[in-house]
2 protein chains.
Amino acid sequence: MAKAEETGSYKGSGKLRPEEMIYQEMLDAILDRRLEPGMKLVEEDLAKTFGVSRARIRATFLQLAHDKLINLVPNRGAFVAEPTIDEAIEVFSARRMIEDGVARKVAVSMTDARAAQIKSHLDREHDAHHRGDHRAAIILSGEFHLLLARLTGNLVIEEFLERLILRTSLIIAMYESPQPVDCSHTEHDDLLKALTSGDPDIAAAEMSRHLDAIRDRLQLQRPKPGKTDFASIFGRTPKSAAS
Amino acid sequence: MAKAEETGSYKGSGKLRPEEMIYQEMLDAILDRRLEPGMKLVEEDLAKTFGVSRARIRATFLQLAHDKLINLVPNRGAFVAEPTIDEAIEVFSARRMIEDGVARKVAVSMTDARAAQIKSHLDREHDAHHRGDHRAAIILSGEFHLLLARLTGNLVIEEFLERLILRTSLIIAMYESPQPVDCSHTEHDDLLKALTSGDPDIAAAEMSRHLDAIRDRLQLQRPKPGKTDFASIFGRTPKSAAS
DNA sequence: GCATGCAAAATTGTTAACAATCCTGTTGTC
DNA sequence: GACAACAGGATTGTTAACAATTTTGCATGC
């Protein structure tokens with residue numbers, strides 16, 4: 001995931017490898033909803049935009065599709081993913097299964113140095129929040145979970161969770177309630193407290209509560225935004241075919 | 001993963017999509033060690049072998065690399081992955097974290113129908129074992145774990161575990177002890193028993209034990225095969241530079 | 001004899017053109 | 001007026017050629 005500091009200014013900074021830069025830019029655009037869910041991604045347009053060949057765009061598509069951030073339809077092209085409500089619920093369920101274990105592991109291997117490391121991250125989260133930098137806050141919030149995964153020392157889990165967090169970001173971007181009450185930074189405080197208790201059960205329980213809370217703040221019962229619901233827009237129920 | 005029935009005869013059967021067939025064939029070759037760890041995979045050779053263009057081989061490479069079954073080195077090419085001992089340990093650790101959760105979920109949602117479904121799979125495992133079909137036994141053994149994941153109803157977990165199982169297969173192919181004592185089919189019996197107990201803690205504990213047992217049957221302490229250890233081969237310790 | 005440098009071969013990375021497929025708007029028919 | 005067939009344009013899928021890079025073999029010099 002993008003570093004919070006680099007928010008919105010990749011192009012200017014030193015270009016790493018063009019391939020990774022393109023992936024990152026498209027990623028950011030999707031998570032920012034500059035590319036809306038369902039939007040068609042035309043290869044040649046993107047190729048011209050980034051000044052590369054279609055082949056590279058194609059390779060980037062494969063990566064994004066693997067992370068479930070776009071859908072690849074044979075002979076039709078690529079479309080920004082539109083996670084359904086069921087998918088969203090599954091992602092949170094999967095994260096709980098994994099991050100419960102993460103929390104357990106971190107809790108039993110907690111040290112002062114690690115607690116300080118987490119605390120330092122929390123400070124940055126609070127700072128972003130007080131600055132009112134909503135975007136940085138969201139990114140840092142994701143990185144908090146990634147930090148915990150990293151503390152388990154298991155790269156496999158870390159990489160998988162990274163993808164899951166990206167997917168979660170897209171889900172949040174799609175389903176977040178109109179007035180975004182982002183109170184997760186205080187929940188992270190609670191999580192740190194639970195982690196430093198040293199009790200794996202307490203830590204896992206707190207993690208489950210936190211992930212459920214994020215999920216429950218979303219509007220996962222409403223008809224999916226993006227697919228226009230004319231019936232509700234015009235305040236009438238769909239008729240069969242009569243004029 | 002390949003169905004056990006199709007063992008060794010993909011080419012003859014009805015061709016699905018060529019892209020998937022190529023992925024499957026390369027996958028099988030790697031897990032069979034017909035393609036040995038570390039082996040260079042030349043694009044044009046493979047393209048000619050499969051009668052497709054290099055572009056398709058390239059796309060297949062991206063898939064295999066994403067699953068950590070090959071390594072992609074810029075300007076150098078693709079190489080069959082050589083999981084290190086540390087990686088192997090990490091994969092088993094990751095599987096334990098995830099499959100503990102799987103076992104828990106399956107245990108609390110166990111029904112007679114599901115138990116019968118698992119039992120039916122176990123019968124096939126035993127059958128393959130008694131026939132002496134080692135390859136089918138290994139594949140079915142992996143599919144057992146996948147079946148449990150599927151029973152959680154969580155597609156995210158199922159897909160991730162599928163990849164981890166493939167990686168595990170490569171690890172086993174690389175590190176299995178010379179006299180393969182494949183006794184996992186009896187361990188699966190124990191697992192079913194634990195799962196039908198309805199107690200999530202018992203189920204998770206049995207799963208952990210099983211995964212640790214698989215890991216411990218491997219030769220993860222020896223110097224990695226494939227990288228020739230001249231010192232041990234010639235029975236002397238490496239000198240600095242003297243003649 | 002061994003290391004260094006160079007040149008040729010092999011291989012990957014990239015581009016552009018061509019073929020196949022799908023979407024869209026139009027026309028014709030009932 | 002609605003529906004089906006059709007043609008044109010747009011877009012994806014594929015192939016082949018070209019450029020850049022790495023590897024390999026050989027010759028040269030110490």
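Predicted model: local features only at pLDDT ≥ 70, side-chain atom pairs only at ≥ 80, totals over all residues.

The crossing of α4(A) past α9(A) is right-handed. On the α4(A) side, the residues that meet α9(A) include F92(A), R95(A), R96(A), E99(A) and D100(A), with A103(A), R104(A), A107(A) and V108(A) also taking part. Their partners in α9(A) include P200(A), D201(A), M207(A), L211(A), I214(A) and R215(A). By class, the residues of this contact comprise 10 nonpolar, one polar and eight charged.

The side chains of E99(A) and R95(A) form a salt bridge, at 2.7 Å from N to O. Because they lie four residues apart in helix α4 of chain A, E99(A) and R95(A) are separated by about one helical turn. As a rule, side chains of opposite charge can pair when their charged atoms come close.

Now over to chain B, and another neighbour. Helix α4 (residues 85–108) of chain B and helix α7 (residues 155–175) of chain B cross at roughly 145 degrees, and their axes come within 10 Å. Here the crossing is left-handed. From α4(B) the contact draws on residues including I85(B), A88(B), V91(B), F92(B), R95(B), I98(B) and V102(B), while α7(B) contributes, among others, I157(B), F160(B), L161(B), L164(B), I165(B), I171(B) and Y175(B). Sorted by class, the residues are 14 nonpolar, one polar and four charged.

α4(B) also reaches across to the other chain. Its axis and that of helix α7 (residues 155–175) of chain A come within 8 Å and cross at roughly 55 degrees, which makes α7(A) oblique to α4(B). L155(A), V156(A) and I157(A) of α7(A) touch E90(B), V91(B), A94(B), M97(B) and I98(B) of α4(B). This contact has seven nonpolar residues, no polar ones and one charged.

That brings us to the interface as a whole. Chain B and chain A each give 26 residues to the contact, and about 2,100 Å² is buried between them, with carbon and sulfur atoms giving 63% of that area. M97(B), together with H66(B) and V156(B), supplies 31% of the area that chain B buries against chain A, more than any other three residues. Two salt bridges span the interface. E159(B) and K68(A) meet through their side chains in a salt bridge at 2.6 Å, N to O.

Note on methods: Residues numbered from 1 in each chain as written. Chains lettered and ligands numbered in written order. Heavy atoms only, no water. Left-handed = near helix turned anticlockwise from the far one by under 90°. Helix = DSSP H or I, 4+ residues; strand = E, 2+ residues; numbered from the N terminus. Contact = heavy atoms within 4.5 Å. Nonpolar A, V, L, I, M, F, W, Y, C, P; charged D, E, K, R; others polar. Buried area = accessible area lost by both parts, 1.4 Å probe. Salt bridge = Lys/Arg side-chain N within 4 Å of Asp/Glu carboxyl O. Axes fitted to C-alpha atoms, helices over the stretch in contact; angles between N-to-C directions. Parallel < 35°, antiparallel > 145°, perpendicular 65-115°, else oblique.
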